[in-house]
Amino acid sequence: LSLRFHAGQPIEYWVHVASAGELEYAIPILHELDKRGQKALITYYSISAQASVNALPSKMGSISLVVPLPHDGLGLMKEFVRLAKGLGIRRLLLLKYELWPGLLWECNRQGIKVFLVDALKPSWFHKKLLHKLDGILAGYDSELEGTVHRNTHVVGDTRVERVLQRVTAANSKQIDSLRNILKPETTMVCGSMWPKDDQVVLTALKKYKASAGSSLLDIVWVPHEMNGAQEKTVDVELKTLGYHVLTIDDALSLNDAAESLSKHPLAIIVMRKGLLAELYKLGRFAYVGGAFGSGVHSVWEPALAGCLVSCGPRIDRSPESTALVQKGLLQIVETGEDLSTWFGLKITGSASEVFDVLELAN
């Protein structure tokens, strides 16, 4: 590993991302370093981030070196931090909650300043480590409530910048092709879906279909785990409801055959990673999964793509969700009946909520 640290030029910043999710928060920071001509070392821990992080040097001149972070044992971390400091690194940026005792100890001991960026409200364990940080930068006031530290600032949510970069980019050919076969005013994108989320949405669709004079929404369905068994269950249930179910590959190959499907509600099941942020552009409605489990996934992506957004009840670890709920811009649902009632009421609503979301994000 030490041989890889001979980058040939001084590196001032070290940015650590635990996984692919944290990388999304870091990218606007890396773009800013790129503009300033400053260099960065990127470390990661989860294998989910490996491909995305390794691709960064070819896209950004600010990235001098990418390496995995070792286990947090004091012996390994002592050597790792020594090598990092030898490159010229004087500042380490950690994303959200990634506080490692050995890493913090060695950075403090060897004179590298450490900042927590896009900080989440600390757990009882993390509170015991806050004194080792040189600064805490949060996106929301709520994340600093009760935090005792000498240097805290609310500076904004970098994920908003990243999502805006993605949703304002030109549509890919894939998105334009899918838009040609979906009904934009009555399409719902279901993103990061877990089995409990599947049950809630399927119940909502059954309820909505049973209501007098209601026609089914078109659906874009994106599982979180890309699980084949989950895909088969959803496929069967949607077909029972009368949907013409397609994989994304089948949908993209329709072309001229799309006319023959115009009288049927469509459901497109997407078993691919990395498309969800752009797929939200296809919907008027969005349901974001995860909030019946450990916590809701990103609601900024559908909200800033122009969707009316709903999710389950567990949003306490998502400050952006809390902010959107307080403004009346995110619907919390406990049951399929709640969800059915919500999109039944919103089906003829206005698009004013989209502008409210943009104002809140700014």
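A pocket is an open set of points on a 1 Å grid over the protein atoms alone, where a 1.4 Å probe fits, with protein on both sides within 12 Å along at least five of seven lines; its lining residues have an atom within 4 Å of a point. This is a predicted model, where local features need pLDDT of at least 70 and side-chain atom pairs count only at pLDDT 80 or more, while totals for chains, interfaces and linings use all residues. Residues are numbered from 1 along each chain as its sequence is written, and side-chain values use heavy atoms, with hydrogens and water left out.

**Exercise 1.** Describe the largest pocket and its lining.

- Start with the volume, the space filled by probe spheres set on grid points joined across faces, edges and corners: about 1,400 Å³.
- Next, look at the lining: 45 residues, with Ala20, Gly21, Arg159, His224 and His297 nearest the centre.
- Now find the elements, where helices (DSSP H or I, at least four residues) and strands (E, at least two) are numbered from the N terminus. Helix H1 (20–36) gives the most, seven residues.
- Finally, sort by type: 19 nonpolar (Ala, Val, Leu, Ile, Met, Phe, Trp, Tyr, Cys, Pro), 14 charged (Asp, Glu, Lys, Arg) and 12 polar (the others, Gly among them).

**Exercise 2.** Now do likewise for the second largest pocket.

- Its volume comes out at about 480 Å³.
- You'll find 23 lining residues here, and Pro28, Ile29, Glu32, Arg36 and Thr158 sit nearest the centre.
- H1 is the top contributor to this lining, with seven residues.
- By type, the lining splits into 10 nonpolar, seven charged and six polar residues.
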